[in-house]
Amino acid sequence: MKKKVRLIARLDIKGPKLIKGVNLEGVRVVGDPHEFAKSYFHQGVDEILYMDSVATLYGRNSLAQLVRETTNDVFVPMTVGGGLRTLADVDEMMRAGADKVAINTAAIRRPEILREVARRYGSQAMVLSVEAKRRRDGNGWEAYVDLGREKTNVDVIEWVKQAVDLGVGEILVTSVDREGTRTGFDVELVRAVVDVADVPVIASGGMGKLDDAVDVIARGGADAVAVAHVLHYKQISLENMRQCLFDHDIEVSIHDVATHL
Amino acid sequence: MTLLHICDYGSGNIHNVERALVRAGAQVLRCESAQDMVGARAVVIPGVGAFGDCIAALRAKGFEEPIKDLVDSGVWVLGICVGMQILATHSEEFGHHQGMGIIPGSVRLIPGQTPEGETLKRPHVGWSNLYSGETSWCDSPLANVDQASPVYFVHSYQLVPDDPAHVLAYSQYGGHPIVAAVRRKRVFGVQFHPEKSGHTGLRVLEEFVKLVKAGSD
């Protein structure tokens, strides 16, 4: 049975701005995230992912406001992550209109939060966000926190197994090494995560050309692809991606995007 | 003038449902009590989470009898996700629960295996297409839906009507037909989330709005 792969627009947010960095750092302002999200909705994106890269209290409040505004005219599932520390933070995002939350740092510090969110909102609403960096000795990947800046000594694969046991419904794997570089996904990383997780895996970080998406789905086994740079800078459109994946016998959703509204 | 009365018994997705209905052209009133629903032309019942919690919350707020009376008097109804499921007679989710019995049928777990014996993940989450059911999509919220366009599902249970003629649309999951929409006279239920189903979802809501506008005296 062929699975249907989801195309997700990833928008990294700083204050009110959509930004884009390299290796999750070296940030440039791209524009108004709400406008970009709306445009992707009208191009038939499957989901929207907002990642707050400031993750301060101020940032979180402004993020909730942004989610409220966005869900006024963007009617596809929305995942929100970045700086969510407590169940109260999660409640705030869900009330604002998010369908799922993505948690990294807070879960590394206190894994139980994954179970608590899954209990309250269902597994499908709890996305584990993993920022993975290849170990220099070639021995797997290490989980990083705070936007790829802080080491944890946690092994990515062991961590993913534990998180699945705690009830996460989905795993967002971002390669810190590849993020923003447009040199292709870390396919081995995605494959290694897919092999231990019986929940959907979203590949993120590194898409530079259409073949990269084909590769991470065909070889990596990704269930979804999160795309940022090449979409935001209009180097690749969602239409290009759908066509290319379709040509490679990968099933995608073809949405009705008639602008009747 | 208010066109749609949204039943607010505490369901988590009510804001998103309300925003999408407004976008689809409806004047809406969020009803926190049965009094607010007096004189309604159409009622929208959202719902997420467990069947037992939803029906208990709806009953605790005194909505059940007024909704049944409105249905008897020919008011339009749209139930969404668990808001659709609680229209059924009963559910087997976490024990046995009585529903409102507006659409005779039971709420059952979706299959856990493909016909070939492969494990199927539950919940069923994602975009799936709609297929014709036993009854026509004409004069229904699906009237303007292109069958090639998928809609968004998040569920582990489905409403199986006693009378197959009440099935408006199926979807497919792991090789099994899944009940995606039901209809009994002026009562509709959709298992998917029109408020999260992109332009196709908005079309579903728009058609419901059109039916209410055209069909209320």
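Analyst: A helix axis here is a line fitted to the C-alpha atoms of the stretch in contact, with angles taken from 0 to 180 degrees between N-to-C directions. The model is predicted, so local features need pLDDT of at least 70 and side-chain atom pairs count only at pLDDT 80 or more, whereas totals for chains, interfaces and linings use all residues. Residues are numbered from 1 along each chain as its sequence is written, with chains lettered from A and ligands numbered from 1 in the order in which they are written.

User: At roughly what angle do the axes of α6 and α7 of chain A cross?

Analyst: Helix α6 (residues 156-165) and helix α7 (residues 187-196), both of chain A and both DSSP runs (H or I, at least four residues), have axes that come within 9 Å. The angle at which these axes of α6(A) and α7(A) cross is roughly 35°.

User: How many nonpolar residues does the contact of α6(A) with α7(A) have?

Analyst: A:I157, A:V160 and A:K161 in α6(A) meet A:A192, A:V193 and A:V196 in α7(A), a contact requiring C-beta atoms, placed from the backbone, within 7 Å. Among the residues of this contact, one is charged and none is polar, while the number of nonpolar residues is five.

User: How are α8(A) and α10(A) oriented to each other?

Analyst: The axes of α8 (residues 210-218) and α10 of chain A come within 10 Å and cross at roughly 50°. Angles under 35 degrees count as roughly parallel, over 145 as roughly antiparallel and 65 to 115 as roughly perpendicular, the rest being oblique. The two helices α8(A) and α10(A) are therefore oblique.

User: Which residue in β13(B) stands opposite B:A169?

Analyst: Strands β12 (residues 167-173) and β13 (residues 176-184) of chain B pair in the antiparallel sense over six bridges, pairing requiring at least two bridges found by DSSP. The residue in β13(B) that stands opposite B:A169 is B:A181.

User: How many residues of chain A are in contact with chain B?

Analyst: The side of chain B that touches chain A has nine nonpolar, twelve polar and five charged residues. On this side, α1 (14-23), β8 (124-128), β10 (151-155) and α5 (198-215) of chain B each supply at least two residues. While chain B has 26 residues in contact with chain A, the number in chain A is 23.

Definitions and conventions. Contact = placed C-beta atoms within 7 Å. Nonpolar A, V, L, I, M, F, W, Y, C, P; charged D, E, K, R; others polar.
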